[in-house]
Amino acid sequence: MNNRNAIAACALCLAAIAVTAPDLRAATATTRPATIAVADTPDTPDEGKNTGQYRITHGPYLQGLTYDGVTVAFTTSDRGFSRVELRRRGSDGVRTCVTARNGLVEAWNTMNAIRIDSLDAATEYEYRIVSRRIDRFEPYRVTYGDEAATPWYRFRTPDPASRSFTFVAMNDIHDTPDKCRSLLEAQPLDSVDMVFYVGDMMNYFEREEQPYESFIDVSVDLFARHKPFAVVRGNHETRGRLARTYDRYIHNTPEGRYYGFYTFGDTAVVMLDCGEDKPDSHDVYAGLAAFDAYRLEQAEWLRGVLRSREFRRARHRIVLLHIPPVDERMAVHDEKLVAGMMEWHGNVHWGEILLPLLRGTRIDLMVTAHQHSFHLLPALRGVHDFPIVINDNRSALTVRCDGGGVHVRATDLDGTVKLDTTF
């Protein structure tokens, strides 16, 4: 995976909270939190023990995994100061990582997303969360309370030389965690590299606990402590009074964008953020939508990706977005489906800007969602020279990219196989 930010690193003495010896090799002005890598320290709290009522309430879950970094996200029951302890599997040396922004180490918070950089590719690591409740936070006096520590969990950084990449894709769960769990449990999670949620995992974002209740807690239970997931934002997740806080929960890239470009060995994955399905001027948005410009922003970014060495050298190329692009000429595939999509601004706008841009770039597969019905649209000369899978709201895809091509198997909740083919 690429699209990495250079992160400022320095040594931090936790006992004295004193910053020393800055690493000047990686200094970048950024609005994103910088991660401070602390010098190796001895193993401290007893493994897996929580004291008192202070506890880790959600997570940890892995986000933004790259060849050389990962983000660990979690929440605590009360405001505190949290760190991630990391070690190579089999090593006794422990590296401690915290988050710092504008010279201040993150504290007095409950939501945490700690970025860990300077990792080695194709390497297995172990990590855990250690957090202390802050009982009093005064200008010149901080009083700590109970401490909580998780067990050690494992993850592995991707291998740039890998010739295979497997992922699960699912979508349109709409606040039904039981369905999310059932679909995930039917997938070969032990053998996949990550999961992509292709939008509309929630209906409308109205409650702070909603992302956890809808799909994050289920993901943590089944895989996300050890393997990452990424979220392709759907149009429903742009709705609700808390929609503008979604990036506090989802950390697809170190840059903090929902859209991104990732490489996993010889597979390249482009993830796009669809925005809304109706025009920005529609009454329901009350003048608070600007998705046309946002889609054009992504198109300009995508032009650079398509010219990049990483994209051009990839053997397999996958595109993921929630709202499928449409062109009236696609009616030869499915006249009724295409006629319905042509009625919606989001589908049409994506078709106008995205289909011409991707034509001739040797895309192997586009995975989309949104329609709540399953369709395979084969390549269409002069319109899109790649197949488009529109996944429904009760199926999951397992996609394996290897020397034999891109194999896609789609199964629904009752085990029916809807697609089993290689592109």
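Leaving aside its neighbours within four places in sequence, with which residues is Leu-337 in contact?

## Surroundings of Leu-337

Contact is taken as heavy atoms within 4.5 Å. On that basis, and apart from neighbours within four places in sequence, Leu-337 is in contact with Gln-371, His-375, Leu-377 and Ile-390. The C-alpha atoms of Leu-337 and Gln-371 are separated by 8.9 Å, the two being 34 residues apart along the chain.

Leu-337 belongs to helix H5 (residues 335-341). Because its relative accessibility is 9%, Leu-337 counts as buried (buried: under 20% relative accessible area, with a 1.4 Å probe and protein chains only).

## Basis of the model

This is a predicted model, in which local features need pLDDT of at least 70 and side-chain atom pairs count only at pLDDT 80 or more, while totals for chains, interfaces and linings use all residues. Residues are numbered from 1 along each chain as its sequence is written, and side-chain values use heavy atoms, with hydrogens and water left out.

## The chain as a whole

The chain has 6 helices and 23 strands; these are DSSP runs numbered from the N terminus, helices being H or I of at least four residues and strands E of at least two. Of its 423 residues, 54% count as buried. Among contacts in the chain with a separation of 6 or more, 70% come from residues 24 or more positions apart.

The accessible surface of the chain is about 18100 Å², and carbon and sulfur atoms hold 48% of that area. Accessible areas come from the Shrake-Rupley method with a 1.4 Å probe.

Strand S13 (residues 194-197) runs parallel to S14 and is joined to it by 3 bridges. Phe-196 has Ala-230 in S14 as its bridge partner.

## Packing of H1 and H2

Helix H1 (residues 177-185) packs with H2 at an angle of about 30°, their axes being 9 Å apart. Axes are lines fitted to C-alpha atoms, for helices over the stretch in contact, and angles run from 0 to 180 degrees between N-to-C directions. H1 and H2 are therefore roughly parallel to each other (angles under 35 degrees).

Residues of H1 at this packing include Cys-180 and Leu-184, and those of H2 include Phe-215 and Val-218.

Note on methods: Buried < 20%, exposed > 50% of the residue type's maximum accessible area, 1.4 Å probe, protein only. Pairing = 2+ DSSP bridges. Parallel < 35°, antiparallel > 145°, perpendicular 65-115°, else oblique.
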